[in-house]
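Colleague: I would like to learn how to read helix packing and nonpolar cores. Can we work through a case together?

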Amino acid sequence: MKKNNRPAEGPDGLVYTARLPLSSATLNYLADLIRGHCKKIGTRWRALPPGRIAGIVLRCDQRPGDLAGGNGVHRTTVTRWVREVVGLLAARAPRLDRALKKIARKGGGIVLLDGSLIRTHRRTGAANRKNYSGKHKCHGLLVIALTDDKGRLLWISALRPGRASEITACRHDRLTAHLRAAGLGAIADLGFVGLDDSPEGAAPAVITGYKAAYNRPLTRGQKHSNKALAAVRAPVEHGFAHLKNWRVLTKVRTDPKWATSLVRALLVLTNQEVAR
């Protein structure tokens with residue numbers, strides 16, 4: 001029997017429009033960014049105007065072939081636009097030392113620290129085994145983030161394999177040294193117990209709760225302290241929730257090396273959308 005793999009709707013395919021859950025200010029911000037980049041590199045002509053390109057990039061969770069067919073361009077052109085704009089946005093993501101100094105100048109004393117796992121597509125081979133998280137029982141990439149006391153995202157680390165621990169990721173970025181240099185403290189959950197390396201007698205750079213042991217239950221005072229710290233660090237969950245509202249982070253199917261630029265680009269867009 002001869003197989004017929006042609007699409008049922010014909011060679012043109014089915015094209016539909018979708019409404020972006022974003023403000024026009026965010027779309028105009030991205031269009032101005034593309035327009036300025038084209039002027040900087042001296043590009044005389046693009047297949048579509050910057051506003052249309054911005055709309056395509058913001059729908060990067062869809063297949064490039066579908067976006068290309070609906071806009072009359074080639075699939076590789078859409079991929080190149082997405083990579084180009086993601087790089088432009090990722091370059092505007094705040095650095096760790098600058099983000100902490102900005103909080104210190106505003107009179108803030110603490111930041112909120114937490115980690116999360118961004119799920120990735122499972123691939124075969126031994127190279128992807130390091131992305132398996134035993135804690136979450138799935139494949140993903142670990143990201144560390146800092147927010148202010150209101151839950152606004154300040155900084156996002158580079159994405160690391162899912163099997164890495166949160167403490168190891170923070171030590172790789174020398175997080176405690178940056179906190180002490182800025183004169184700030186971080187409040188974190190029990191997963192960061194043991195991260196603080198402040199000298200004896202000095203104020204801790206990372207404040208965590210008390211962890212119970214098998215033969216050492218928590219006292220009433222320790223339970224109250226854990227409850228108070230949990231209430232203070234609750235806004236950090238809102239920051240991750242705003243970031244993971246992007247559908248493309250539901251399950252990342254791109255190269256993990258490129259995922260860091262993608263998440264930092266989404267950080268810039270998230271702050272742009274939340275701060276409006």
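Modeller: Start with a helix pair. This model is predicted. H3 and H4 are roughly perpendicular to each other, because their packing angle of about 110 degrees falls in the 65 to 115 range.

Colleague: What describes two packed helices in general?

Modeller: The angle between their axes and the distance between the axes. Here the axes of H3 and H4 lie 8 Å apart. The crossing of H3 past H4 is right-handed.

Colleague: Which residues of H3 and H4 make the contact?

Modeller: H3 supplies Pro64, Gly65, Leu67 and Ala68. H4 supplies Arg75, Val78 and Thr79. By class, that contact has 4 nonpolar, 2 polar and 1 charged residues.

Colleague: Now the cores. What do nonpolar side chains tend to do in soluble globular proteins?

Modeller: They tend to be buried together. In this model, the largest nonpolar core has 45 residues. Leu30, Leu89 and Leu249 have the most contacts inside that core.

Colleague: Which elements give two or more residues to this core?

Modeller: Helices H1 (24-41), H2 (50-57), H3 (64-71), H4 (75-90), H9 (235-243) and H10 (256-274), plus strands E3 (138-147) and E4 (153-156). H10 gives the largest share, 9 residues.

Colleague: What is leucine 89 in contact with, leaving aside neighbours within four places in sequence?

Modeller: Tyr29, Leu30 and Leu33 are among its contacts. Arg264, Ala265, Val268 and Leu269 complete the list.

Colleague: Which residues does the second, separate core include?

Modeller: Leu146, Trp155, Leu175 and Phe192 are among its 24 residues.

Conventions. Residues are numbered from 1 along each chain as its sequence is written. This is a predicted model: local features need pLDDT of at least 70, side-chain atom pairs count only at pLDDT 80 or more; totals for chains, interfaces and linings use all residues. Side-chain values use heavy atoms; hydrogens and water are left out. A nonpolar core is a set of buried Ala, Val, Leu, Ile, Met, Phe, Trp, Tyr and Cys residues joined through side-chain atoms within 4.5 Å. Buried means under 20% relative accessible area, exposed over 50%, partly exposed in between (1.4 Å probe, protein chains only). Helices (H or I, at least four residues) and strands (E, at least two) are DSSP runs, numbered from the N terminus. Contact means heavy atoms within 4.5 Å. Axes are lines fitted to C-alpha atoms, for helices over the stretch in contact, and angles run from 0 to 180 degrees between N-to-C directions. Angles under 35 degrees count as roughly parallel, over 145 as roughly antiparallel, 65 to 115 as roughly perpendicular and the rest as oblique. A crossing is left-handed if the near helix is turned anticlockwise from the far one by less than a right angle, and right-handed if clockwise. Ala, Val, Leu, Ile, Met, Phe, Trp, Tyr, Cys and Pro count as nonpolar, Asp, Glu, Lys and Arg as charged, and the others, Gly among them, as polar.
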